[in-house]
Amino acid sequence: MDITVEPLEPAFDETYDVAIVSVGYEQRSSFLAPTLSGDAKIAIVFTDRHVHSFDENLRVIERCGFRTVSGSGAFVEEIAESVRSRSLVTPGRPLRVAFDISSMTRQWIADIVCAMRDTGVRVSADFLYTIAHFTAPPEPPLTQYAGPVTPQLAGWDEPDKPLSLLLGLGYEKDRALGAAELLEPSELYVFSPVSIDIDYERALEAANVDLWGLAPTHTHRFTYQISRPFDTFVQLESLAEGLLRRRRVVLLPLGPKIFALCTVLLAASQSAYGVWRVSAGEHETPVDRKAAGTVVGLRVQFLPEGSAVP
Amino acid sequence: MLKMLQQPALEAWHHPSASEYRDRIDYTGVFIPTDITWSVQLNSLGAGRLDSSSVFSLGYAAFTTQVQRAVIRAFSNRIDANVPQGWVSHRRMNVPASAQSDLVLTLAEGWRLTPRLPTFEALNLSLSHRLMSIAEEARRISAFDQNKRAARLAENPFVATNCLASVTYAIDAFESYCGGAGGKWALSFDELELAPHWVREELLASIRSVDDRIVFKLAMSPYNQDIPRVDDVTSASPDNDYDQIVLWYVEKEHGYAFSEALWSALTDKAIGHAVPAHQALGYGFFESEPDEWTDGTAYAPGSRHAKNFAKLWDADPTFKEYLSNIGIDGRFIHEASRDERAAVLRKIAPVVLARNEFRTSDESTPSVRRKPRIERTVRSRKNPLLYTGAESLFAVTEGNPRWLIGIIDQLIQVPQFKAGGEVGRPLQARAVSRAAHRFAALLRNAPLQQTADRGVLAILADIGSYIFDHVVREPFTADPVGSFIVDSHISTEVQHALGIALNMGAIVYVPDEEQNVLIRSLKGKRFRLSYLLAANYWNPIRLGRAVSLSAILRRASDTQQELLPERGP
């Protein structure tokens with residue numbers, strides 16, 4: 001399966017065959033639902049932390065005609081099956097699918113991308129992300145997991161190559177530093193998100209102030225625009241490709257989910273790359289992130305081997 | 001460290017003692033690296049869609065391939081006639097090209113490989129290809145049912161290859177074509193605690209049974225639940241089957257020589273000549289030579305220690321009471337007998353130092369002691385200078401080269417160092433504080449069992465706070481708590497967290513003379529906090545008396561109810 005990533009200017013009048021959203025405690029998780037068309041509409045519902053805007057989100061999403069599936073079940077298979085069955089009634093053109101990843105977990109995003117890659121169906125997917133207003137970072141909870149975002153994206157490369165870590169910064173205090181210390185890369189490439197919100201940037205800087213002293217000569221600093229995910233993808237892709245010949249590449253996307261999407265798409269098309277996550281799982285402190293009104297995204301063409309580019 | 005035993009590393013090593021060490025190495029180092037990402041990659045083969053038996057079969061094949069690549073590297077180094085400029089040839093052999101080709105072809109045949117050319121490079125490429133094909137095979141067979149999968153795996157010639165048998169075969173081939181019969185090969189596995197458990201089991205089980213041309217050098221953290229039981233007669237046992245080499249220092253002084261040598265090497269590299277650590281860093285506050293106490297320089301009127309003792313004598317009635325009871329006047333310690341100085345004063349000096357540094361002068365007065373704990377104060381010290389000076393920097397880094405290099409790298413950048421002077425104590429303190437903070441970040445993010453309700457760092461903070469209270473806040477005692485024993489009341493969650501702390505170097509195992517240094521369980525064992533964390537929790541750098549961990553955690557739980565503000569990272 002080939003994966004081609006393209007820039008996307010999200011438009012509210014786009015029509016889709018299938019639309020997938022999530023229902024969680026963030027207000028922004030239902031922000032896009034009313035604008036998404038689709039013959040099949042599926043909402044993945046978080047099974048824990050039904051707090052903040054969860055009830056309202058569920059009401060909105062159900063009113064928009066989404067069928068709810070449990071986030072702890074085999075929802076990825078259900079989505080893949082839905083995509084396969086819808087593709088039968090859209091011969092001759094790729095199936096149009098929308099994914100609102102704004103409130104999805106990184107693992108869900110990774111599993112969904114891998115499922116789309118493996119369906120064997122030509123899919124043109126729009127991955128949409130709603131930028132949120134700034135909310136102060138919560139007290140960092142206990143880490144329950146540090147490892148591949150999904151076993152499918154653990155990566156596979158020669159173990160005697162030195163490790164390069166491509167690390168997306170988040171605003172959880174010292175999480176990036178702790179993760180870098182855990183993986184002990186010989187080179188660290190740090191990607192800081194540039195936001196329109198100055199409070200976010202301040203929080204980001206405060207949370208990572210000690211990261212820069214870790215190994216200054218082996219730390220390389222990059223920035224990326226949250227609002228320009230395609231540029232971010234290209235930036236990551238060219239860096240990772242350049243490193244691959246001599247180094248193992250592991251990507252660790254903390255921070256905005258749109259960056260996580262970029263790393264997952266990269267690893268889904270190059271099995272040598274691993275994508276990791278560091279997470280408190282269900283212990284992650286729920287924060288009610290509210291939509292700021294800006295939606296960004298990427299269009300991804302999943303092409304079965306041998307099929308022509310549309 | 002095991003990397004340094006490879007032939008190229010030995011040959012490239014420039015050091016006054018390099019020749020002496022090289023001469024003592026009568027084996028060829030075969031280094032097999034492991035790290036956390038490789039370990040999870042092995043365990044993730046098949047992306048969660050394969051049964052455990054298939055994951056093991058393919059993972060084992062990948063591990064064997066990795067070992068074979070390391071063997072090829074070692075062979076290639078031994079018979080390479082080109083010694084890079086500036087290197088000192090070590091154990092190189094002169095082998096005709098035809099013999100090298102024959103060796104490659106023999107290895108290829110035995111290892112079921114088809115290199116395009118009879119060269120080591122081509123053989124290595126074939127192994128790389130095999131490694132990639134293992135991952136592809138895992139993906140492919142994950143769609144098969146169990147029977148088809150097993151049949152498919154059975155058809156794969158490399159899946160059934162026994163790793164160590166394939167190494168023995170390679171050594172036989174090497175001896176046949178290149179000579180060097182009976183020579184030893186040291187299979188050196190680093191960071192084995194990160195490897196899948198079956199790798200450790202295979203290696204530990206092999207120690208007593210394989211070819212005596214193969215020497216195992218296994219580096220791993222002390223705690224692992226799959227270490228063979230010492231009473232298991234079928235397992236290899238320490239002293240009989242293997243030697244244990246402890247790479248940590250229970251007593252801080254034992255690491256000083258290594259740290260000093262590393263300091264010298266790094267300063268030499270930075271500015272072209274080695275700078276004595278004391279010249280650039282000064283002396284550690286906790287230190288004084290034993291002779292100083294007996295010969296009269298450490299306690300002389302006006303000396304650092306004399307001032308410290310006199311200061312605490314005035315400020316701390318419980319200290320005054322203690323010294324008075326043993327007939328010593330804290331203002332005139334030079335009057336103490338030679339034996340008292342060596343036995344008593346030297347022992348309590350670190351405690352005196354910590355109390356002076358962190359304690360307010362009226363802490364021990366009854367009126368303050370009657371106050372709730374939260375209302376009592378300690379001095380605020382963002383980056384205490386107490387942990388600066390050569391010995392203290394060496395102690396807090398525990399002989400861990402990564403930690404020490406991290407600190408030294410910062411210090412040798414400062415203008416005072418470059419000008420040949422002493423690096424300011426505040427700069428040293430900040431470097432220690434940064435190192436401690438980074439370590440704390442690692443511990444804070446250490447993944448725990450799902451049932452855990454407290455993190456590694458929170459437990460260590462309780463221990464650090466308990467020791468701090470005992471050393472600084474409580475009435476003076478000459479032998480305050482400085483270590484702990486994991487007793488039978490400690491929950492499995494806390495033991496699991498402490499196991500992580502031990503393997504990350506946050507706590508240090510203090511074995512009794514007769515205890516095995518590799519442990520399957522923490523219960524009944526004594527530990528101390530790493531001195532890097534001691535600096536974080538303002539504990540003296542000393543191995544103090546042990547107390548049960550449950551007593552520490554019980555006290556912490558009581559203290560939390562008093563809402564004591566959090567201290568430390």
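Guide: Arg454(B) and Asp462(B) form a salt bridge, with the closest N and O atoms 2.6 Å apart. This is a predicted model, and side-chain atom pairs count only at pLDDT 80 or more. The two partners can be judged by their relative accessibility. Arg454(B) is at 26%, so Arg454(B) counts as partly exposed. Asp462(B) is at 12%, so Asp462(B) counts as buried. The line between these classes is 20%, since buried means under 20% relative accessible area.

Stay in chain B for the next pair. Arg149(B) meets Asp51(B) through a salt bridge of 2.7 Å, N to O. This pair links distant parts of the chain. Arg149(B) lies in helix α7 (residues 146-155) of chain B, while Asp51(B) lies in the loop between α3 and α4 of chain B. They are 98 residues apart. Arg149(B) has 7% relative accessibility and therefore counts as buried. Asp51(B), at 18%, also counts as buried.

Now turn to Arg355(B) and Asp316(B). Their side chains meet in a salt bridge at 2.8 Å, N to O. Here again the pair links distant parts of the chain, 39 residues apart. Helix α15 (residues 338-358) of chain B carries Arg355(B). Asp316(B) is in the loop between α13 (304-315) and α14 (317-325) of chain B. Both residues of this pair, Arg355(B) and Asp316(B), are buried.

Chain A has a network. Glu14(A), Arg96(A), Asp126(A) and Arg299(A) are linked in it by salt bridges. Over all chains, a search of the whole structure finds 47 salt bridges.

Next, the boundary between the chains. Seven salt bridges are counted between chain B and chain A. Glu184(A) forms a salt bridge with Arg402(B), and their closest N and O atoms are 3.5 Å apart. Polar contacts between chain B and chain A number 16 residue pairs, both residues at pLDDT 80 or more. On the side of chain B that touches chain A, the elements giving two or more residues are α3 (36-43), α4 (52-79), α6 (120-141) and α20 (425-444) of chain B. The residues on that side divide into 19 nonpolar, 11 polar and 11 charged.

The contact as a whole takes 41 residues from chain B and 35 residues from chain A. Between them, chain B and chain A bury about 3300 Å², with 58% of it on carbon and sulfur atoms. Within chain B, Gln41(B), Arg438(B) and Asn445(B) lose the most area to chain A. Together these three account for 19% of what that side buries.

One strand of chain A is worth a look for its covered residues. Strand β12 (residues 274-279) of chain A is mostly covered, with six of its six residues buried. Gly274(A), Trp276(A) and Val278(A) point one way from β12(A). Val275(A), Arg277(A) and Ser279(A) point the other way, and all are buried. Strand β7 (residues 145-148) of chain A pairs with β12(A) in the antiparallel sense, over four bridges. Arg277(A) is the bridge partner in β12(A) of Gly147(A). Strand β11 (residues 248-253) of chain A runs parallel to β12(A), and two bridges join them.

Definitions and conventions. Residues are numbered from 1 along each chain as its sequence is written. Chains are lettered from A and ligands numbered from 1 in the order in which they are written. This is a predicted model: local features need pLDDT of at least 70, side-chain atom pairs count only at pLDDT 80 or more; totals for chains, interfaces and linings use all residues. Side-chain values use heavy atoms; hydrogens and water are left out. Contact means heavy atoms within 4.5 Å. Buried area is the accessible area (1.4 Å probe) that two parts lose on being put together, summed over both. A salt bridge is a side-chain nitrogen of Lys or Arg within 4 Å of a carboxyl oxygen of Asp or Glu. A polar contact is a pair of N or O atoms within 3.5 Å; within protein, one must be able to donate a hydrogen and the other to accept it, and residues adjacent in sequence count only if both atoms are side-chain atoms. Ala, Val, Leu, Ile, Met, Phe, Trp, Tyr, Cys and Pro count as nonpolar, Asp, Glu, Lys and Arg as charged, and the others, Gly among them, as polar. Buried means under 20% relative accessible area, exposed over 50%, partly exposed in between (1.4 Å probe, protein chains only). Two strands pair if DSSP finds at least two bridges between them.
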